[in-house]
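Please keep the sequence and the structure in view while reading.

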Amino acid sequence: MALLARRARRAVAKAVSLGGAGAGVELAIPAHFRCPISLDLMRDPVTAPTGITYDRESIEAWLDRGHPTCPVTHAPLRHEDLVPNHAIRRVIQDWCVANRSRGVERIPTPKIPLTPVQASELLFDLAAAASRRRGDAAARCAEVVAKIKSLARDSERNRRCFASIGAGRALAAAFVSLADADATPAGRVLEDVLAALVCMMPLDEEAAGTLGSPSSLGSLIAIAENGSLAGRMNAVLAIKEVVSCDGAFVDLSGKVDEIVDALVKTIKAPICPQATKAAMVATYHLARSDERVAASLATAGLVPVLVESLVEADKSVSEKALAVLDAVLRSEEGRASARAHALAMPVLVKKMFRVSDVATELAVSAMWRLGRAPRDGEEEDDEVTRCLVEALRVGAFQKLLLLLQVGCRDATKEKATELLKMLNKYKGVGECVDAGDFRGLNKLSA
């Protein structure tokens, strides 16, 4: 290591002496300043027991991906084995300063990583402050939460340190204590606690169950509907964690309708893509849990919003919107709303083979639900017939045949086969049209 540092200092001295003469030549980063993984200039060099130096971000990402070995020597390696290499970091900083005139910025000195002892002390302070009943409890909580949030956002290492000692559970408990306090100062701190809680996601079952208490859910719903933009987004993310956890869902009694209203509002009037996706995931779990909830979502006007969002959605949004739509179509109210929408069937047909295998299977399931008779054994009504004829006109028959040829899951195969039988009855009605582009149809139907 000492030899490497001396060699690096000579490179810095050479750069200083040639600074003016080489101004027009492209600057080359010395090889021993580059991380062996990213091949970029190291900003926080750490050395493994094997003697190889890496940039901390690159080697920790390598270990997080499930590779417990040194990338160069393949010897066993753990996070705890990495030691900061201050010598090479100082030399890199000197090299950056020497080449400042050529556009090289000095790398900042890395902050000292958080230790489990320090993290535990902060969580203990948070629990003590949240349990107080004096007037300064909220202010003390805000102070501690600000430190936790700042440290967690400093680095992924710090965030993992907090998560490993149960920071999510401690923050969830603090949120419940402040929500139970029902005081205006505490209400202002709840958004700060939520922001720190989001840094610790995904939450374990205990933390999600704690957030599922009635007082906590009431505060989450209030923030999701009336909080700041950041607070609303964090509240939706927290609600998603609660409803996605099987152990916490049993505690949602009495709050489901309010949660549905808050989530539908978020989807109808998007805050940001992250909040919209989280709201869709939460809505999917709610709709799958109970057909009555699916009916409530349809009554709230979610189906037209989902259909129109699918017209130009990307892969992630398309898959989530199709999953929610398929879940809502389990209710009669959802099917009636979709059948009344002119874009529903054309958009579902369009999404087949254009997004992903998951999206194709979800689209087939939704089409199958729309094509079924209102009650088993009853004849199809006019709306069902119109949907099936519309599906034929936009090429559903050909796509379903292709799906059976290329293969799919057994459940999807059964639905596709049954859907082909439904469509076959109207095979002679109308001609197929190109379903390639529906970008203007939502405007025409408005």
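## Surface and model basis

Of the 446 residues, 45% count as buried, where buried means under 20% relative accessible area, exposed over 50%, and partly exposed in between, with a 1.4 Å probe and protein chains only.

The model is predicted, and local features need pLDDT of at least 70, side-chain atom pairs count only at pLDDT 80 or more, while totals for chains, interfaces and linings use all residues. Residues are numbered from 1 along each chain as its sequence is written, and side-chain values use heavy atoms, with hydrogens and water left out.

## Fold and contacts

The secondary structure of the chain comes to 24 helices and three strands, which are DSSP runs numbered from the N terminus (helices H or I, at least four residues; strands E, at least two). Among contacts in the chain with a separation of 6 or more, 68% join residues 24 or more positions apart, a contact being heavy atoms within 4.5 Å.

## The aromatic pair

A search of the whole structure finds one aromatic pair. In that pair the ring centres of Phe33 and Trp95 are 5.7 Å apart and the ring planes stand at 75°, so the arrangement is edge-to-face; rings of Phe, Tyr and Trp (its six-membered ring) pair if their centres lie within 6.5 Å, with planes under 30 degrees apart counted as stacked, over 60 as edge-to-face and the rest as tilted. The pair links distant parts of the chain, since Phe33 lies in the loop between α1 (2-17) and β1 (45-47) and Trp95 in helix α3 (residues 86-98), 62 residues apart. Both Phe33 and Trp95 are buried.

## The largest pocket

The largest pocket has a volume of about 510 Å³, the volume being the space filled by probe spheres set on grid points that are joined across faces, edges and corners. On a 1 Å grid over the protein atoms alone, a pocket is an open set of points where a 1.4 Å probe fits, with protein on both sides within 12 Å along at least five of seven lines, and lining residues have an atom within 4 Å of a point.

The lining of the largest pocket has 21 residues, of which Asp44, Arg56, Pro110, Asp154 and Ser155 lie nearest its centre. Helices α2 (56-64), α5 (137-154) and α6 (156-164) each supply at least two lining residues, and α2 gives the most, with five. By class, the lining has six nonpolar, three polar and 12 charged residues; Ala, Val, Leu, Ile, Met, Phe, Trp, Tyr, Cys and Pro count as nonpolar, Asp, Glu, Lys and Arg as charged, and the others, Gly among them, as polar.

## Backbone geometry

Most residues other than glycine have a negative phi, and most peptide bonds are trans. The peptide bond from Met201 to Pro202 is cis, with omega near 10°, and Pro202 lies in the loop between α8 (184-199) and α9 (205-211).

Leu39, in the loop between α1 and β1, has a positive phi near 65° and counts as exposed at 51% relative accessibility. His74, in the loop between α2 and β3 (83-84), has a positive phi near 65° and is exposed, with a relative accessible area of 58%.

## Helix α15

In helix α15 (residues 291-299), Val293, Ala294, Ala295, Leu297 and Ala298 are buried. The buried residues of α15 pack against α13 (256-268), α14 (273-289), α16 (302-309), α17 (315-328) and α18 (332-339). Gly301, with a positive phi near 85°, follows α15.
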